[in-house]
Amino acid sequence: MYRVIVVDDELVIRSGITHFINSEMKDFEVLNSFSDGAEAIDYLKTNDIDLVISDIKMTHVSGIELAKYIFENRPSIKVILLSGYREFEYARSAIQYGVKYYILKPTNFTEFKDVLANMKSELDQDKSRKDQVLFMDKIKLLYSNILSNKKKEAQDILLSVFEDVKDCPISKIRQYFYDLFEIIFDKFNLYLKIQITAEKFNLNQLLSLESVKEVKGSALDILEKVFHLLLVEEEAPNVFLLQDIKEYIQEHLQEDISLQDVADKMFFSTVYFSRFFKKQTGETFSNYLLRVRMEQAVKLLRKNKKVTEISEACGYHDPSYFTRIFKEYYNYTPKDYARRFISC
């Protein structure tokens, strides 16, 4: 059920739209209505809403201004604008704020139903993408806790995934956990160089279980086996992980890479990656990246490269900014450094 508010300075229109949606549209529910955009904005600051249906012209805050606020502060909320015929071109200016749907007054409810059907399709797609992102975030957190040998935390995350999908059909729940472990096994194979197969952990059994209780028990059992495997492997995987991380940084040195980028690449949560990197290298990620870039800059200076070329190659797209960072690091500008330490 998608949550809706209606904003219009005419009570009869607010009431009519509210009644139509709550009685005719089973996928939407109007939770509240307001006579001005200012009241709606106050409400949106503390309430979760999926769709705002608003008149274009109101006394204090117009529908355009409301759409702008939503675009800048609550971009996941969809907006439908109501406008009179003479205001329609003005209403279309809200396209810059992500508004795609407009209804002319007086409201044609057949047309309105079609617009809401299209809106439901968009909201369904957004929800599916959001659910997928949340699912992947939990797998990433689970993976990080496995690597940190935090069994209780990993079990709690696994159980929280069950809470997320408990109302789904058993076929979908089975597939969820099959996919979850398949992704984790793939990362083990790719980054830890530990060869894990679905057959080795009897992963296919998940797809034949008939109850949520059985799936939960099997998933927890597989997780236990994964922890046992890591105990056998001890510290060896960290060597491969660190090597892959350093290679990735070196290969993307010319890009504007961040801790988040590398963590995503290695399928780590940012918190785990930051701690792992500091533990393995003795440096923070930012300090390491700066050092590698400055060392690369010196190598290119020795090859008589121009400052603009070196700047780009080291991930700084503004040569003057690069020069300032280089000087802060070495106490010399690139040109002075070259004259003092390289030319001779």
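**A walk through the predicted model**

Asn-331 is exposed, with a relative accessible area of 61% (buried means under 20% relative accessible area, exposed over 50%, and partly exposed in between, using a 1.4 Å probe and protein chains only). This is a predicted model, in which local features need pLDDT of at least 70 and side-chain atom pairs count only at pLDDT 80 or more, while totals for chains, interfaces and linings use all residues. Residues are numbered from 1 along each chain as its sequence is written, and side-chain values use heavy atoms, with hydrogens and water left out.

Let's stay with Asn-331 for a moment. Its phi is near 70°, a positive value in a residue other than glycine, and you will find it in the loop between helix H14 (319-330) and helix H15 (334-342). Helices here are DSSP runs of H or I with at least four residues, strands are runs of E with at least two, and both are numbered from the N terminus. Phe-267 also has a positive phi, near 65°, and sits in the loop between H10 and H11. Phe-267 is buried, at a relative accessible area of 7%.

Setting aside neighbours within four places in sequence, the contacts of Phe-268 include Tyr-143, Leu-241 and Phe-276 (contact means heavy atoms within 4.5 Å).

H7 itself covers residues 170-192, and its 23 residues reach 32 Å from first C-alpha to last, close to the 33 Å expected; that expected span is 1.5 Å times one less than the number of residues. Just after H7, Lys-193 takes a positive phi of about 60°.

Now turn to the start of the chain. Strand S1 (residues 2-7) runs parallel to strand S2 (residues 28-34), with six bridges joining them; strands pair if DSSP finds at least two bridges between them. Arg-3 stands opposite Glu-29 in S2.

What about the cysteines? The structure holds zero disulfides, a disulfide being a pair of cysteine sulfur atoms within 2.5 Å. Cys-168 is partly exposed at 22% relative accessible area, whereas Cys-314 is buried at 0%.
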